[in-house]
Amino acid sequence: MLETLSPQKYPKLLAPAGSKEAFKVALLMGADEIFLGLKQFNARKRAENFSLDELEELVPLARQYGCKILVTVNIVIQQKELDSLVPFLDRLEKIGIGAVIVQDLGVARLIQKNFPNLRMHASTQLAIHNHHGVEEAIRLGFKRVVLAREMTLQEIRKIRSVYSSDVIELETFCHGSLCYSYSGLCFFSGAEGGRSGNRGECAYTCRKPYKILSEPGHGFLFSMKDLDTVEMLEEFVKAGVDSLKIEGRKKDAQYVATTVKRYREALDRLQGKKETAGKRFKGASDLFDILDEGRFFSYQRNPTTLFFKNRYEENVIDLNSPTHQGMELGEVKRVEKRKIYFDSLLSLEAHDGVRIESKNPLYHARPQHGEKVISNTMGLMNRYENKEISFSVEEIFVGDKRLFSHPGKRELGLMLPKGSYIPSVGDKIFKTRSNALKRAVDQLLGEPLKKVVSRETLNLEVNWDEKTGTFLFKVSKGAKELFQLVKECTLTPSPSEEGLRLSFIDVFQLLGEIKTSLEIKALQIPPFTFVAKSVLKEWKRELVEAVRGIESLYQPLQFKDVPKDSAGPVGELNHPQPRWIVKFDREELSPFLDLEGEMLPDELIFEPKKAFLEKSGPALLERLVEHARSKNILLRVALPLILRSWDEPYIRSMICYALDLGVRHFECPNIGALSFLNKEACGIPLDISADFALYALNTQAITQLKEMGFSGATFSIEDDKENIFELLNQGVQPFMKMILYKDIPLFIAESCSLTALHGGCPTSKVCGYRTLEIEGEDKERYEVHHELCKSVVLSKKPFSLVPYLNHLVQRGVKAFQFDFITKRYSFAEALEIYKNGKNGISVGDCTDSNFMKKLL
């Protein structure tokens with residue numbers, strides 16, 4: 001039970017909205033803030049999303065409910081998009097949104113320099129996972145940080161102990177779908193299919209089934225359970241969290257209504273409030289029992305609290321299912337022809353959704369099930385592709401009776417759809433969709449919203465003329481009629497008496513394209529009729545155009561003239577001998593320092609990892625420093641992509657030892673590493689380069705990195721040729737280097753697949769941090785490496801731009817890097833790749849990722 005706490009600061013509840021319906025129920029259920037994406041520049045491009053004109057309609061409406069709208073610009077931006085981004089940001093500033101959620105450092109720079117009234121929140125796509133990242137975010141002008149989902153409450157408390165809410169607000173996810181990889185560091189979708197999660201085009205490769213080749217096994221190896229922390233809200237309050245975020249911009253109004261209501265009421269109880277979301281508007285209280293139960297029928301996988309309690313608290317992966325669970329309805333008792341019978345645990349009615357699953361698990365894990373494999377991957381594919389028995393209830397059989405609803409708690413029968421296979425006795429039946437919930441949410445959507453105080457208010461009358469078969473729209477201002485609009489229409493019969501009237505209210509309440517609201521004075525609408533909302537929206541568009549023609553009501557926006565940024569003059573193209581860089585993380589590759597003449601790299605980057613070098617790291621570092629000096633080549637020490645609190649002691653000791661040895665060249669992969677490094681250096685001047693994960697896909701981002709003190713940066717391994725060449729035309733050299741060969745970290749995760757296979761963390765003595773070789777449904781092969789308890793998924797096909805080496809040199813690239821990290825290479829293997837790569841000779845079966853395609 002949630003206990004009432006003493007008066008203190010409570011977090012805001014931040015709700016998702018991918019549609020107008022979701023937005024409306026979020027308001028009615030009591031969200032403090034709503035985040036949404038527009039048609040461009042957001043990380044959920046396949047959601048319905050909103051236009052700028054619609055946003056202008058929603059902002060004043062939200063204010064009437066004491067709610068702010070946050071707009072996501074949480075993708076990386078390519079160079080050609082900068083010109084359209086400027087008026088986009090200018091419009092956001094003029095509309096007066098609550099904040100913009102940002103990933104790209106170039107976008108952050110544009111806002112800081114030119115749009116001071118736009119409040120910035122650091123997206124979880126920035127992968128801020130420690131107090132060092134928060135510190136750098138503060139320097140960059142962010143007012144709130146959306147922390148990485150993987151953080152523990154202990155880490156969050158530590159950040160809050162360093163920075164108060166007045167300095168930086170902390171936001172954490174509290175509910176919804178989870179990515180397997182750290183957000184902003186997932187390259188699977190982009191590298192394998194050209195649909196980058198960093199561009200809002202994630203293909204959800206983590207939800208696919210995989211077969212294990214290195215040992216008997218198969219399952220949804222990376223499919224995360226859904227986050228559900230409603231019983232932990234008191235802990236978030238004590239930790240000083242300022243905002244609790246519900247994931248779900250691709251989910252429907254049923255999900256938003258049930259989830260926001262659940263968390264709103266839990267937060268209200270913590271604050272001792274008697275009036276909860278269920279009493280906020282008249283006539284809706286009878287819906288809320290349905291909404292409470294309905295959360296099981298809106299989209300919800302098996303729940304987890306992830307790592308908030310600690311890293312090893314739960315098995316957070318569901319090997320058996322990647323999809324919505326629903327509630328168990330019963331088990332198949334018997335089958336008669338195409339009719340199944342079961343003892344129903346729940347009420348059931350026509351149009352409810354039902355799914356039947358095998359009583360046996362579809363996955364196989366050797367630690368749990370042994371060497372003998374009984375199940376097969378076909379069952380996994382059927383579940384992934386939703387080809388299991390799944391149907392909408394048409395009628396319910398109780399003895400000889402046919403009913404359309406039943407309260408349950410007795411034997412019921414259902415007819416299987418034609419073409420489906422026959423289930424077995426004992427198979428589980430789930431209720432996955434509730435028609436009662438749909439009705440409740442539809443009724444909720446029919447609730448009138450508060451009147452918006454806007455610049456102009458127009459009156460609207462709509463009358464149906466049976467004789468002519470037309471709707472007559474009359475628009476007036478006060479007593480003066482402005483215009484009429486006549487629309488022919490064929491009405492369709494509907495079982496709902498009020499459905500069409502409610503649809504008219506929902507569509508015509510506001511005119512978002514202009515700063516004008518409509519007060520609906522009269523609606524003469526025939527009952528039990530239907531007109532598609534798409535038709536109503538088209539009529540609304542025509543209405544808006546008519547209003548727009550009245551010059552006294554509408555003036556076009558004037559955009560700011562933002563100076564274009566350039567990384568520098570292009571200058572004359574010359575082609576000096578490029579610089580060659582080798583990056584490694586294992587002692588076996590230190591002989592690169594023994595090479596002579598032209599084979600000797602110009603620069604070595606060493607990334608010390610506790611997983612490989614816990615005891616030998618300091619001695620190896622000392623030898624590398626001495627040898628590099630004797631060879632007169634540059635040695636750079638790299639910080640890890642992820643630096644959690646338990647990683648810090650080892651990394652700090654190695655960085656401090658490197659500084660004591662006189663190392664002054666370092667590489668940082670994220671903003672937190674930069675802050676950490678500068679703090680450890682205590683004012684010592686350093687040369688710091690930016691790794692590829694500090695995305696530099698536009699000149700604004702490159703300029704930002706320069707202003708942060710970086711001496712160089714790296715082209716993104718996800719970027720395409722067109723954008724890279726455009727950056728080269730902008731004169732980004734010699735600041736940028738190109739990775740020529742690398743095993744792309746498709747996933748970088750704290751969620752351990754070995755823990756899932758063992759049914760819980762078995763300790764390192766049992767799992768051995770073993771590497772798994774796996775295969776996807778397309779027969780592509782991958783390796784799951786485990787650097788202590790961190791999982792890194794690599795493709796069997798490395799990334800290589802070796803075939804394009806000469807062309808890249810001609811275009812002006814001056815430095816090329818070979819990465820040999822995570823995966824174990826012998827020196828002979830690495831040397832062969834390095835030799836051939838330098839000469840433009842094939843280095844084996846590789847992928848060029850998106851280089852020759854278009855990055856979506």
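## Burial and an aromatic pair

A residue counts as buried when its relative accessible area is under 20%, and as exposed when that area is over 50%. In this predicted model, F471 has a relative accessible area of 0% and is therefore buried, and W464, at 16% relative accessibility, counts as buried as well.

## Aromatic pairs and the ring cluster

The count of aromatic pairs in the model comes to 32. One of them joins F187 and F692, whose ring centres lie 5.6 Å apart with 55 degrees between the planes, so the pair is classed as tilted. This pair links distant parts of the chain, since its two members are 505 residues apart: F187 belongs to the loop between β7 (169-176) and α7 (188-193), while F692 belongs to the loop between β36 (687-690) and α20 (699-707). F187 is buried, with a relative accessible area of 1%, and F692 counts as buried at 2% relative accessibility.

W464 and F471 also form a tilted pair, with 4.7 Å from centre to centre and 55 degrees between the planes. Elsewhere, ring pairs join W580, F592, Y741, F816, F818, F820, Y825, F827 and Y834 into a cluster.

## Lysines over aromatic rings

Two lysines are placed over phenylalanine rings. The charged end of K245 sits over the ring of F35, at 4.4 Å from the ring centre, and K706 lies over the face of F735, at 5.2 Å from the centre of that ring.

## Backbone exceptions

Most residues other than glycine have a negative phi, and most peptide bonds are trans. Against that background, the peptide bond from Q733 to P734 is cis, with omega near 10 degrees, and P734 has its place in the loop between α21 (721-729) and β38 (736-742).

Positive phi values are found at H351 and C682, neither of which is a glycine. For H351 the angle is about 80 degrees, and the residue is found in the loop between β16 (348-349) and β17 (353-357). For C682 phi is near 50 degrees, and the residue lies in the loop between α19 (671-681) and β36; with a relative accessible area of 68%, C682 is exposed.

In soluble globular proteins, nonpolar side chains tend to be buried together. The largest nonpolar core in this model holds 232 residues, of which F23, L55 and L92 touch the most other members. Helix α9 (residues 253-270) supplies the largest share of this core, with nine residues. When residues up to four places away in sequence are not counted, L92 touches L38, L52, L55, V71, V73, I97, V100 and L118.

Apart from this core lies another, of 21 residues, with W464, F473, V531 and L536 among them.

Rolling a probe the size of a water molecule over the atoms shows where empty space is left. The second largest pocket has a volume of about 680 Å³. It is lined by 20 residues, and the closest of these to the pocket centre are K438, D442, S496, G499 and L502. The elements that contribute two or more residues to the lining of this pocket are α13 (435-445), α14 (499-508) and β31 (529-530).

Technical notes. Residues numbered from 1 in each chain as written. Predicted model: local features only at pLDDT ≥ 70, side-chain atom pairs only at ≥ 80, totals over all residues. Heavy atoms only, no water. Phe/Tyr/Trp six-rings, centres within 6.5 Å; stacked < 30°, edge-to-face > 60°. Helix = DSSP H or I, 4+ residues; strand = E, 2+ residues; numbered from the N terminus. Buried < 20%, exposed > 50% of the residue type's maximum accessible area, 1.4 Å probe, protein only. Lys NZ or Arg CZ within 6 Å of the ring centre and 35° of its normal. Core = buried A, V, L, I, M, F, W, Y, C linked by side-chain atoms within 4.5 Å. Contact = heavy atoms within 4.5 Å. 1 Å grid on protein atoms, 1.4 Å probe; cavity = no way out; pocket = protein on both sides within 12 Å on 5 of 7 lines; lining within 4 Å. Points joined across faces, edges and corners; volume = space filled by probe spheres on them.
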